[in-house]
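Subject: Structure handover

Hi,

Here is the structure for your files.

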Amino acid sequence: MWLPESARINEDASIQDAVDVEGVSLRRPMKVVGKPVPRHDAWEKVRGNTLYAADFSMPGMLYGKVLRSSHPAARILSIDTSKAEALAGVRAVITAKDVPRNESVIRFGQSRDLGSGFEGLYRVLASNKVRSMGEAVALVAAETEELAEMALRLIRVDYEPLPGVFDPLEGMKPGAYLVGESESNIVAQYKVSKGDVDKGFAQADVIIENTYWVPFVDHAYLEPEAGVAWIDQDDVITIRVATQVVEHFREIANVLGVPHNKVRVIGTMLGGGFGGKEDITVENYLALLAWKTRRPVKLTYTREESILSHSKRHPYVMRYKTGATRDGKLVALEVELISDAGAYTYLTPWVLLYSTVGATGPYDIPNVKVDAIAVLTNNTFTSANRGFGAPQVNFAYESQMDELAHKLGIDPLEIRRMNCLKQGEALATGQVLEQYVALPEVVEGAWEALGAPTLSSDPNKKIGRGLAISMTSYGRLVFLHDTSSSYVKVEMDGSAIIKCGVPDLGGGQASSLCQIVSEVLGIPLSKIKIYISDTAFTPLAGTTTATRQLYMSGNATLKASRELRSTLIAKAAEIMGARPQALDLENEMVVERTSAKRSLPLAEVIAKCAADGAPLYAEAQFNAPFGEVPVLSDIKGQVLPDFTFGAHAVEVSVDVETGEVEVSKIFSSYDVGKAINPLSVEGQMEGGAIYNLGYALNEEIILEKGITKTPSLTEYILPTSLDVPDVETIILESGGGLGPFGAKGIGEPACNSIAPAITNAIYDAVGVRIRSLPATPEKISGFTN
């Protein structure tokens, strides 16, 4: 771990703020927070004992299947389910006419109604018109999976194919085919402006103008969409499901036309989500089939079904025009973003807003003009994917910076260092960066870590190096008025329980909460049990998205722990006749930090609290900074709570004959504020780099006229262990984050700048500028041969 003194700005202050507010001291080295401890659930995962959604079964369980559209754009003339219903062992066949409220709106857990501009309108089952290949048309529940599949083949759907539109540039033209029922395919449109961009370009000595394309990308998580639903003894529809958002219970209840308290969602541990399980997947189907049959139902997508039907990362067309003086100072930037929303809106407005605000990158540019638009097409719908709108623009603005550096003959490190934002400076929206901005440290650390250049021993292989930096938000948009709640309780034997509605995607979201409680209450991790992700049992903690859980639920858990700590300390002070400020909780003891050095077992204090009627629990809510919805035609002010800054530096070898790229070195450098668990932070930084290494070199969902041409993991090429080197991580801790103990989010930021770092390295090696991802051997060799 690299900890430059210049970046350690207020670690002590963050600890003091965290604990001294309640009148108790934690002025000692932390024993659990900041330590590379194994996660509380690590051994169960390693031993294969952890149950995932598809591992659950119930007596009398039926099996669900989904019939999907074979056309990307068509009118449904008729659906005949009679033969399927007549098949022995089939217990339910459901079409749109059987769904109480077939059209619904996804609000993704936010409690604030923001109006139609931010609503993800969708249909549970297709009716009248299908909008994309693989759209759900009918549901079946049967005694066996084979019977359910047989029933699907007996359902006859008559379609009238329609022309459709498959290119957002075509879809936004007047008179274009209309994907939905609206009068336009445009679903979102934003602008950001600062200064006078025309005057800015007039001052520029160099102007670089390019168009970039990024493709559809699949999440490719190990665990496909899965769940089990049943009706419990209280007539509550209960769904155990792999999801990033248990708060979807509200949308499920609306679809069924039942009160919200008649639907319970229990989240399982996830085998990866990356945003793909942020939208509703199998929940509505399971609820409908259980509601119709009154029996438990299980539904698990096949890999092919998952690739065909679930959301993808948004493809963008991006036009960038960058102006700079001959000494490398940026003076103007003009950006046009066009996003393919696919067949339904889902999270497209949100993703585009993040891209719009982040389109300038972490740079101080006096004159800016950004225009962004999202358009419906008859392609597979697009929604959240790790980075949430940041990887697309990161590829474009970091390619521009690299080209600018080469054109001006300026070192790529130096041009970034001279233009990057500093604490107290503002984005193009006017949002001031109030926390420490560690951009110089992260970029210097990554670039210098590459060491001496590697010499190629093969004349056909050229070595190149690339650098890219990033600015990625953590936490949700401030106008969502985001909150999270957590409950902490001590038991009579001195053990502790946490209840928090946080879904754990495998990133250690739950384990970090255990570390916080362990640190504050002095209880070992082995004696802390956490319950997560159950809408009937755990306080709601919001979505595991937007890299928000450590920030939000971490702060809520810290707040609850502090309140409980104050209760325990006050009682101990009463027993010991000591000042509360002199007492601390450590190793299951109350200890006195004075010359007396007295101590008392924590269990005795808890027993005394119980006897005197003092609460042995605390539940706390953390509220993020709240703001108002900006004017979307000219976005100003604070839109996001804070940012994580990072950099990637890579070295590649490019075969000049085949165009094949081998990435030989990756250095990932981030200011994480405070690493609650350095092992988890390293895991996120390593995983993030590899996740978007595929974005740079391999991954692309190919759609032709809305038809998926990469239907399985045979055609959709993912990096394997043979394709990636060790990812070296450089962790900076400025203590300047808004999370517990000054932590920042790292989950999504960790992946963003690796793709432009690689393409910049390819240019350095062979002089080929990649402007369309992925950088396949065909594209590179086409220029080099």
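Y397 is buried, because its relative accessible area is 4% (buried means under 20%, exposed over 50%, partly exposed in between, with a 1.4 Å probe and protein chains only). This is a predicted model: local features need pLDDT of at least 70, side-chain atom pairs count only at pLDDT 80 or more, and totals for chains, interfaces and linings use all residues. Residues are numbered from 1 along each chain as its sequence is written, and side-chain values use heavy atoms, with hydrogens and water left out.

Aromatic pairs

Y397 pairs with Y363, edge-to-face, at 6.2 Å centre to centre and 90° between the planes. Rings of Phe, Tyr and Trp (its six-membered ring) pair if their centres lie within 6.5 Å; planes under 30 degrees apart count as stacked, over 60 as edge-to-face and the rest as tilted. Y363 is buried too, with a relative accessible area of 4%. Y363 sits in the loop between helix 10 (348-358) and strand 17 (368-376), and Y397 in helix 11 (residues 390-408), so the pair ties together parts 34 residues apart in sequence. Helices (H or I, at least four residues) and strands (E, at least two) are DSSP runs, numbered from the N terminus.

The whole structure holds 13 aromatic pairs. One of them is F274 with Y691: tilted, 4.7 Å centre to centre, 35° between the planes. F274 is in the loop between strand 13 (263-267) and helix 8 (283-293), while Y691 is in helix 17 (residues 678-697), so this pair ties together parts 417 residues apart in sequence. F274 is partly exposed at 26% relative accessibility. Y691 is buried at 13%.

Y122, Y344, Y346 and F381 form one aromatic cluster.

Charges over rings

The charged end of R240 sits over the ring of F56, 4.3 Å from its centre. R769 lies over the face of Y763, 4.0 Å from the ring centre. The cut-offs: NZ of Lys or CZ of Arg within 6 Å of the ring centre and within 35 degrees of the ring normal.

Helix contact

How do the axes of helix 12 (residues 412-419) and helix 13 (residues 439-449) cross? They come within 10 Å and cross at roughly 175°. Axes are lines fitted to C-alpha atoms, for helices over the stretch in contact, and angles run from 0 to 180 degrees between N-to-C directions. Helix 12 and helix 13 are therefore roughly antiparallel (over 145 degrees; under 35 is roughly parallel, 65 to 115 roughly perpendicular, the rest oblique). P412, L413 and R417 in helix 12 meet V443, E444 and W447 in helix 13, where contact means heavy atoms within 4.5 Å.

Best wishes
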